[in-house]
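This report covers selected features of one model. The sequence and structure come first.

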Amino acid sequence: MKPAKGKKRPAHRPGAALPIGLKAPPKHAPRKLVTTGDVVRLQRLMTHVLVRPLTKSDGLQPKWIDGRPMEEVAAEFIKPNDRLSAFERLQLYNRMYWFRLLDNMHDDNPGLRAVLGDKKFTRLIEAYLTKYPSRSFTLRNLCSRLGQFIREEPRWTAPVTALALAVTRFEWAQTLAFDEAQLPRLTTAEIAGTPLARLRLRLQPYISLLALDFPVDTYVIAVKRRNVLRTEASNAVDVARAAVRQKHVARPRRERVYVAVHRLENRLYYKRLERPAFLILESIGAGKSLEQAVAAGGAKVKPEQVGGWFAAWMELGWLCRRK
Amino acid sequence: MPANSFNGFTDYGIGIGLRVPHYAHILEQKPVVDWFEIISENFMVDGGRPLQVLDQIMEQYRVVQHGVSMYFGSADKPDRAHLKKLKALVKRTKTPWLSDHLCWGSVDGTYTHDLLPMPYTFATAKRTAEKIRQIRDYLEVPICVENVSSYAEYHVSEMTEWEFLSEVVERADCGILLDVNNIYVSAKNHDFNPYDYINGVPHHRVGQMHVAGHTKFEKYILDTHDHPVLDPVWKLYAHATKLCGVTATLLEWDDKIPSFDEVHNEALKANEFIDGAKKAKSVTSGARPLGAPRP
C-alpha cells in the first residue's frame, strides 16, 4: 500500500522484523533539527544502524534495510573527512556496539559458551541482540531475555536447546544472586504466636529456585575451573598450556535436579534441594501461607524433615517477613 | 580556596578510577589516594558485594560519582527508575558533585551502551540543558557534563563542539568535566586545534578534569583508556590547568589495567602541572563552590 502524500514513510520493509522496542527508522535523515521529533528521528536512524548485525568480516552491512546502499544512507547525515567516508565513520560505531556487547555476554555466560562452542554462541547472541536490543541502562541486564529468546527460537541452539536453556537460566540466576537486594532476615521472635495458616513469608530477592533437566550446577563449576586453569597456564610453559587446552568438559546427561542459587556473606553458592523442599520454597515464594507451603511438599514428607529444612533456611537467612 | 568560580573542590587533588582488579589491594594495603571516582552504574544495585566494597572504600576515602548512561542528549525523557536508583546512590556516597557525558545513547527506551556524539545545534543545546536542569533538580547534587571523544560528525551541526558545550552549560548553569584526552582524540579525528577548544570553553565552570591514554590507528584515534597518558595530552592538561586553575583531576584506565601502583603513579604526574598552575596565577576572587547559588 502506498503511504498517503505528505506522510513520512518508514524505511523499514513491511514484514521484516524490527528489533523489539525500537520503532521503525525514518526513510531519510532529518535535514534540520528543530523539533524533538527531528532529534528522535535522527537518533532512531543512527540506533538502527548501530544495532544492525556486522557482516562476516566485521563490517557495516553494505545495504540498508530498505535496500539502498548504506553509503548513501550514511552520507545523508554523517560528514566524511579526508581519511574516512561517512560509511566508515558509522562502521566504527557499529563495530564498537557489537564488540562491547559480545564481550559482555561472553564474560557472563561461560557455561553457555562451553555448551555451544564459541562460534555457535556468537551467532546465538547476535540473533538475540538483533531481536532484543538492550532495554536497560546497565549491561548487567543484557541477558535478562536470553532464556525467553532460546525458547522462542530454538534453531540457534539445536540440538542442545534443553541444555542451553538450563545453563542460561542458571547463569542468569547467578547475576541475580550477585547483587539483588538482601532484606532483613526472619527471626523466630517475629513468627512466634502467628498461626501457620496466617503466616506468609517471602524469599530473599537474591535467591533463584531452579528445577532443571540437567545438573548444570556441577557442569558450570567444572567449566569455570577449566577456564581458571587455562588462564593460569597462559603464564606457564607452552606444553602445559597445550595440555590444558585439550581438556574438555563433557556435557552433562539428563537428570532432574533442584537447585537454589543464592549468596552468603556476598559469595555465590548453589545448593541442591530435595524435591519436596524445593516445592515448599517455591510456594513460599509464590505468597502461599506457611501451612499451604508445607502441604505443597507432599504427604510423604515427615515433620522432622520439614523442621530440619526450615532450621537450615533460617540459618542461611533465606526467609523474610512478607509485608 | 576555590581556584575559579565554579570549582569549590581544589583540595581534591588527583584521583583514580575505582576498578575491580584493584579492590583487594586498596582494601588490604589502604594506599594513600586523594579520591576515587566510581562508575555510578556499577553500584546502582540493590545489594551484594558491589555495595559492600563501596561502603568499605567510603570508610577510608573520598568518592565522586561518574555516570555513563544518563544520556543528557537523548530525546527520551529521563527514566524514573534509573533516576531513583541514582538518587539512592547519591545519598549513599554523598558525592560532592556528579558527572556524566554530553552525549546521547538511547532512543525509544533502547540502549546502545555507547557515548554517541551530539548534533551541535541550538535546538539540541536548549533541550539538553533543560534535561540537565531537571535531573539536577531531582538528584539535588551539582552536575558536571563531560565532553566525549567522537569519530563522526553530523551535517546538521551548526557550531563547533566547544561552542555547543559552552551553550549547554551556560543554559543549564552546570559545571564541566573537561576531558583533555577526549579533546585531543576528537581534535585529531575531526581536524581542529585542541587549544582552540580549551581556550573556548567557560573556564570558570570547569569543576573536574580527566586524563587518559588513547590508541593511534592509521586514519583515526580511539579513546581506549588502556595506555599511560601521552605527552600531547599532558601538554593540553597543563594549558587547561593554567586557564582553569587548580582542578580536581582523575586518570581513567579501564582496559589492560596494570597494578594499582602503576596507575596511581601515572595519575600523580598531574601534580607537576598543578604546581605550575598554582604559580601561574591565582583566580580566587569572587569564587563560589560548584553548585552554590549565584550571588
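Helices (H or I, at least four residues) and strands (E, at least two) are DSSP runs numbered from the N terminus.

The model is predicted: local features need pLDDT of at least 70, side-chain atom pairs count only at pLDDT 80 or more, and totals for chains, interfaces and linings use all residues. Residues are numbered from 1 along each chain as its sequence is written, while chains are lettered from A and ligands numbered from 1 in the order in which they are written.

Helix 7 (residues 180–190) of chain B is largely enclosed by the rest of the structure, because nine of its eleven residues are buried. Buried means that 20 or more other C-beta atoms, placed from the backbone, lie within 10 Å of the residue's own. Among the buried residues are B:V180, B:I183, B:Y184 and B:N189. Their cover includes helix 6 (161–172), strand 8, helix 8 (194–200) and helix 9 of chain B.

## Barrel

In chain B, eight strands form a closed barrel in the order 1-2-3-4-7-8-9-12, with parallel pairing. Pairing requires at least two DSSP bridges between two strands. Strand 2 (residues 35–39) and strand 3 (residues 63–66) of chain B run parallel and are joined by four bridges; B:I38 stands opposite B:Q65 in strand 3 of chain B.

## Contact with chain A

In chain B, 39 residues are in contact with 45 residues of chain A. Contact means C-beta atoms, placed from the backbone, within 7 Å. Strand 6 of chain B gives the largest share of chain B's side, six residues.

Note on methods: Buried ≥ 20, exposed ≤ 12 C-beta atoms within 10 Å, placed from the backbone. Contact = placed C-beta atoms within 7 Å.
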